[in-house]
Amino acid sequence: MKKNYMARLERWVRWMLPGQEGDDVIADYRDIVGSRPYEELLRDVGRPRDVAAPLAPRRAYRIWLAVFAALAACLLIPGVSPLPGMWMFWVYCFDLRFYEIQLGVVLAFLGMAGALVWFRWKGYKGTKLPRAVPVLLIVLLVWIGAMLLVNWAWMQDPIAFAEMWGETPVYVLFGLVRIGPPGHTMPRSVSILYDVEMWGGFAAALAGLLGLVKARTEDRRWIAVYVLGMAAMVVPFSALAFLSNMELADPSSSNWWAPAFRTWVVYAGVGAVGAGIALC
């Protein structure tokens, strides 16, 4: 039980007092905790959260909570926008029929920049890079590469891509409610790509949120996962907006898809560069 108590205490201390201050408090409490039973520690020392709370400077902690809320919002508002029931967010964040500038991309870039500035200034860098960070970065890079490749494939030959796996009934709310008369269908390959980009982008946003929390509680280099998670969310969502746009350029024209594809490559590049900066 001692391990559980100390682990919980460490998480709360690092959330409220990051960096060297947190390390000092944790070192002091390791001596206090010793080998005492968990119930005894609760009685004599108190709950881990109650132990950490009085030690945190109120003003600094409130500033951190405001920064965390802003950075999380920059990630989650666009991150949930294509999910069932979130149409209003999608309209404002990515829908190309209403806005020439994708506000979700603007939020993502603001989040990237804000996270890099804050954690380079206030973050705590440990002696060793956490092992999970490079693993998650590789996964996100592979995801981004796969999304670029698949979208490049369908834009090269939209008709062949649409015919690849036949047709499927048209659904809204992603399989929960059927619309259209019997026999009203859409290309199965397009439907699959739509769902993969939607749920994969949302999963990337959750990975980014994990990186944001871990950057505070463990090591500031976790912010690389937040930054690359942003890019891994924005690339498929921008492609999703392009795929569902009813006002596309004429597919018969030469390189009708090239400007959009170059934009997605730029998004991926910005995320990769930002992640590299975060690791320094």
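1. A salt bridge is a side-chain nitrogen of Lys or Arg within 4 Å of a carboxyl oxygen of Asp or Glu. Lys-214 is partly exposed, since its relative accessibility is 25%. Glu-218 is likewise assigned as partly exposed, at a relative accessible area of 36%. The structure under discussion is a predicted model, and the remarks below should be read accordingly.

2. On the overall make-up, the protein chain contains 12 helices and 4 strands. Of its 280 residues, 44% are buried. The accessible surface amounts to about 14,700 Å², and carbon and sulfur atoms account for 64% of that area. When contacts between residues at least 6 apart in sequence are considered, 75% of them join residues at least 24 apart.

3. Another links the side chains of Asp-50 and Arg-47, with an N to O distance of 2.9 Å. Asp-50 has a relative accessibility of 36% and therefore counts as partly exposed.

4. A further salt bridge joins Arg-221 to Asp-219, the closest N and O atoms lying 2.9 Å apart. Are the two partners buried or exposed? Arg-221 has a relative accessibility of 7% and so counts as buried. Asp-219 is also buried, with a relative accessible area of 3%. The cut-off applied here is under 20% relative accessible area for a buried residue.

5. With a relative accessible area of 9%, Arg-216 is buried. Which residues does Arg-216 touch, once neighbours within four places in sequence are set aside? Its contacts are Arg-14, Trp-15, Met-16, Leu-17 and Pro-18, together with Tyr-61, Trp-64 and Phe-119.

6. The next point concerns the packing of two helices. Helix H8 (residues 132–156) and helix H12 (residues 258–279) have axes that come within 11 Å and cross at roughly 170 degrees. H8 is therefore roughly antiparallel to H12, because angles over 145 degrees are placed in that class. From H8, the contact draws on Val-133, Leu-137, Ile-144, Leu-148, Asn-151, Trp-152 and Met-155. H12 contributes Phe-261, Trp-264, Val-265, Ala-268 and Leu-279.

7. Finally, Pro-158 is found in helix H9, which covers residues 158–163. Pro-158 has a relative accessible area of 24% and is therefore partly exposed. How far apart are Pro-158 and Val-190 in sequence and in space? The two are separated by 32 residues in sequence, while their C-alpha atoms are 9.5 Å apart.

Key. Residues are numbered from 1 along each chain as its sequence is written. This is a predicted model: local features need pLDDT of at least 70, side-chain atom pairs count only at pLDDT 80 or more; totals for chains, interfaces and linings use all residues. Side-chain values use heavy atoms; hydrogens and water are left out. Buried means under 20% relative accessible area, exposed over 50%, partly exposed in between (1.4 Å probe, protein chains only). Contact means heavy atoms within 4.5 Å. Axes are lines fitted to C-alpha atoms, for helices over the stretch in contact, and angles run from 0 to 180 degrees between N-to-C directions. Angles under 35 degrees count as roughly parallel, over 145 as roughly antiparallel, 65 to 115 as roughly perpendicular and the rest as oblique. Accessible areas come from the Shrake-Rupley method with a 1.4 Å probe; for residues, only the protein chains shown count as cover.
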